[in-house]
Every structure is written in structure tokens, then in C-alpha cells.
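Colleague: Please take a close look at one part of this model for me. I am interested in the salt bridges.

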Amino acid sequence: MFVIVGLGNPSKEYENTRHNVGFDVIDAIADKYDIHVAELKHRAKLGKGYIGGDKVILAKPLTFMNLSGESVRAIIDYYKVDPETELIVISDDISLAPGQLRIRKKGSAGGHNGLKNIIRHLGGENFQRVRIGVGEKPKDYDLVDWVLGHFGKEDRKAVDEAVQKAVQAVEVMLKDGADAAMNEFNRKAKE
């Protein structure tokens, strides 16, 4: 069984913001595999289903971004999954160009508060992740305003394409492992 967690902030005001691309990927996976993500459990919205032959739990924490680890820890404990091999976390990344993907098997939070909180609650950095570039904040722009802001038209198009690529990356991770997904998807977005 795999737990696939998309990070974001609940409530309408945060829909389609940079910080919510993790939720966007969960929605895209749910649509493709007809998984209903509506069960409220472990401070998250959950959906259960199958991708290929693998049973998956799709999760959208409802704790708000900075407390995502509380929900992730509860899900991991309840379903008794190994965070190193059976957890995939999907998040935004301001250090990547809009639309660029970066897949890792472990690593630091890179300044991302949601990932920091997950690392703290899991007690380590060893979990798979898919990071989606949302672009670097402009100089003299507040970071919170940037990540909670909406995309411009061109960036939105690039990120929408990246969301679909992230779905494919998750499929490869489940079937062939993170290394195969890294080889296929860790490329710079086309200028």
C-alpha cells in the first residue's frame, strides 16, 4: 500500500494558488483513477483506490500547510506504512521554474514549511517526494504573498502541464521506483 499526500491549504480562498499544487495533483490522480477523496479522517480528506495493481490512499491534509506533519504522521501510523518506501509527498517548490518537476527519495525541506513539519513529525528526511516548480518570488515580494498568490496565465499553463506530468511520475514511482521516475522526470522545464 502507498500513501500519496498532496500538500496545500484547505478552503476556497487558497484554491489554484502556488502553495496548493499538491492538492491539484491529488485531484488529478483522483480524477484519472476514479478515486473519491472525501473521507474525513486523520485531519485530512482521504480517498482509497488502486493505481495499476497497487492499493493507494490519496490524502489532502486539512491542517493547513505548516502543520501538515500532524496529519501525515497520523495516516502513516494508522495504515502502518513505511514512510521511506510507501509514502510519496507532493508539494510546490519556489526554487524551481514553473512547470519543472523534481523527484527525490529523501532530502531537506528546502525552506518549505509543510515539508519541515512532516520531517519533524516523521523524525527524518527519508521519504519520497515530488516537487513542482512554481517560480521564484520576485525581489521585494513577500514570500507568503507569493506562495498564496495565483499564477499568471503562462505560468498556470506550465503548472497545469506539470500536474499531469506529476501524475505520470507517481505512476512510474509506484511501478518502477523513484530512481526510474527521477531519470524520466528530473529535467529542466523548456524555456
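Modeller: Bear in mind that the model is predicted. The count comes to 12 salt bridges. Side chains of opposite charge can pair when their charged atoms come close.

Start with helix H6, which spans residues 153-176. Asp160 and Arg156 both sit in this helix. They are 4 residues apart, about one turn of the helix. Asp160 forms a salt bridge with Arg156, with 2.9 Å between the closest N and O atoms. Arg156 has a relative accessible area of 18%, so Arg156 is buried, the cut-off being under 20%. Asp160 is partly exposed, at 36% relative accessibility. The pair is part of one network: salt bridges with shared partners join Asp24, Arg156 and Asp160.

Helix H2 holds another pair. Asp77 and Arg73 lie 4 residues apart there, so about one helical turn separates them. Their side chains meet in a salt bridge at 2.8 Å, N to O. Asp77 counts as partly exposed at 42% relative accessibility. Arg73 is partly exposed too, at 26%.

Then there is Glu39 with Lys48. These two form a salt bridge, and their closest N and O atoms are 3.5 Å apart. That falls within the 4 Å cut-off, so the pair counts. Glu39 is partly exposed, with a relative accessible area of 32%. Lys48 is partly exposed as well, at 40% relative accessibility.

Methods: Residues are numbered from 1 along each chain as its sequence is written. This is a predicted model: local features need pLDDT of at least 70, side-chain atom pairs count only at pLDDT 80 or more; totals for chains, interfaces and linings use all residues. Side-chain values use heavy atoms; hydrogens and water are left out. Buried means under 20% relative accessible area, exposed over 50%, partly exposed in between (1.4 Å probe, protein chains only). Helices (H or I, at least four residues) and strands (E, at least two) are DSSP runs, numbered from the N terminus.
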